[in-house]
Amino acid sequence: MQKQAQQLLDWVDARFPLTFLWESQWGKYVAPKNFNFWYIFGSLAMLVLVIQIVTGIFLVMHYKPDASLNAAGVPVAFASVEYIMRDVPGGWIIRYLHSTGASAFFVVVYLHMFRGLMYGSYRKPRELVWLFGVAIFLCLMAEAFFGYLLPWGQMSFWGAQVIVNLFGSVPLIGEYLSLLIRGDYVVSDATLNRFFSFHVIAIPLVLIGLVAAHLTALHEVGSNNPDGVEIKKQPKDANGIPLDGIYSHPYYTIKDIFGAVVFLFVFAAVVFFMPEGGGYFLEFNNFIPADPLKTPPHIAPVWYFTPYYSILRATTSDFMLWLGVFVLIVGGLSFFSLRHKLAKLAAVGVTGVLVLGFIFLDAKFWGVVLMGVSVLLFALLPWLDRSPVKSIRYKGSLYKAVLAVFVVCFVVLGYLGILPPTPVGTIVSQICSILYLGFFAFMPWYTAMDRTQPEPERVTWQ
């Protein structure tokens, strides 16, 4: 039997590089030997992606993207979700696996990104790996947004209505942009079908391609580690393995399987005992059919969008003054720090344009801009971080304090985004928004000022 299996493998290898792909991408891929707990979230993201694709395929078999009313006066799309939950054998667990998987995906991805912030995984030579990762994150947000409308419940309908209408604040092209996204003058059947197409076909194809590019780029330059030591630059042993490197299989295969088992226990507990997540994973208003004539008392996006939604809500007319002061400070620091004359002129020009824009353009438009910028700023990290070391283990107390403040602000913004707006909440969200943006804007200076320790020549572990 073993001989026959080997013959089959040889036959396939002669026609397709199966063994080569396995060994180059995992089996013989050399990784640092000091990976810790934080390095399991990449493989967990792959696991959740598979769960989402598989469960999504089964859901599409029974879901109907139709906003018209059936004989009972219920939207067909909403009724098809109820049909999946009540009448399709095993439909309820498929739906809950998919809805819980969406939240699990963002939990895993946020922790994966936090690992990158701690250990400098965006630093040279991994800039392209990081950019592919940011593109994956943007695709996930688009995928979640388009999929959120499909149940056609109250929160889905009105959430899409609010978010799409925000694009109407863009000068000159806002109305046309909103019309292009909706496919109609209001959120309707055309919008539902458009979002369904993007959620099921377009975005997943792009996402799979970006994941493949992300992994290929990672395996080309090698994985980072908690010490920030480049093991590829080390001398190699008799087998051609760097001194502090080990094969991913079987060592990290076993470690990732253990992490996946623990994750699946937690994931299953949520799916079977609290799939709604207390109203955070599946909002209670989304169990009510969409009604264009009845607005919910409070409209808020799903929890993984709420930090950026808080930044949007925090951008009021009063906030524009403080934002202008913030931009003037950053522009002034840039002017005095840059040495090239053209760079100085660019800093003055960008600062002037932004300040004039704050004066003459509506705060609602700048809220949309800041909401998008707050995500895109992650892509600039490889060029903003001026620290001589990568890992937080060897960075000073200044960076650690700033990172802690950033994480606290992110959590606070996420929490406030769930709640109805209040005067106190708005002030707190404005403070947190400034601190959030300041983490990126002032990074070239506080990372250069930070007192660091030299990185070791060899990786360390206990």
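Q: Are W38 and F41 buried or exposed?
A: In this predicted model, W38 is buried, and F41 is buried as well. The word applies to a residue with under 20% relative accessible area.

Q: How many aromatic pairs are there, and by which cut-off are they counted?
A: Two rings pair if their centres lie within 6.5 Å. By this rule the count comes to 41 aromatic pairs.

Q: Why is the aromatic pair of F37 and W38 called edge-to-face?
A: The ring centres of F37 and W38 are 5.3 Å apart, with 70 degrees between the planes. The distance is within 6.5 Å and the angle is over 60 degrees, so the pair is called edge-to-face.

Q: What makes the pair of W38 and F41 tilted?
A: For W38 and F41 the values are 6.0 Å centre to centre and 50 degrees between the planes. Planes under 30 degrees apart would count as stacked and those over 60 as edge-to-face, so an angle of 50 degrees leaves the term tilted.

Q: Which residues do ring pairs link into a cluster?
A: The cluster consists of F106, Y110, F137, W303, Y304, F305, Y308 and F410, linked by ring pairs.

Q: How do you know that R115 lies over the face of Y39?
A: R115 is at 4.3 Å from the ring centre of Y39 and lies over the face of that ring. The cut-off for the distance is 6 Å, and the charge must also be within 35 degrees of the ring normal.

Q: Over the face of which residue does K344 lie?
A: K344 lies over the face of F335, at 4.6 Å from the ring centre. This distance, too, is within 6 Å.

Q: Which residues have the most contacts inside the largest nonpolar core?
A: They are Y436 and F439, in a core of 112 residues. Helix α5 (residues 91-119) supplies the largest share of this core, with twelve residues.

Q: Which residues does Y436 touch, not counting those up to four places away in sequence?
A: Y436 touches Y308, I311, S374, F378, F406, F410 and L413. Touching here means heavy atoms within 4.5 Å.

Q: What span is expected of helix α13, and what span does it reach?
A: Helix α13 (residues 341-360) has 20 residues, and 28 Å is expected at 1.5 Å a residue. From its first C-alpha to its last it reaches 29 Å, which is close to that value.

Q: Why are the buried residues of α13 said to be on the same side?
A: The buried residues of α13 are K344, A347, T351, G357 and F358. They cover an arc of only 165 degrees around the axis, and therefore they are on the same side of α13. The face turned away from that side carries the exposed residues K341, L342, L345, V353, I359 and F360. What covers the buried residues of α13 includes α12 (317-337) and α14 (363-376).

Q: Why is R126 called buried?
A: R126 has 2% relative accessibility, and the cut-off is under 20%, so R126 counts as buried. R126 is found in the loop between α5 and α6 (127-148). Leaving aside neighbours within four places in sequence, its contacts are S121, V221, G222, S223, N224, E230 and K390.

Terms used: Residues are numbered from 1 along each chain as its sequence is written. This is a predicted model: local features need pLDDT of at least 70, side-chain atom pairs count only at pLDDT 80 or more; totals for chains, interfaces and linings use all residues. Side-chain values use heavy atoms; hydrogens and water are left out. Buried means under 20% relative accessible area, exposed over 50%, partly exposed in between (1.4 Å probe, protein chains only). A nonpolar core is a set of buried Ala, Val, Leu, Ile, Met, Phe, Trp, Tyr and Cys residues joined through side-chain atoms within 4.5 Å. Helices (H or I, at least four residues) and strands (E, at least two) are DSSP runs, numbered from the N terminus. The expected span of a helix is 1.5 Å times one less than its number of residues. The arc is that of the directions from the helix axis to the C-beta atoms.
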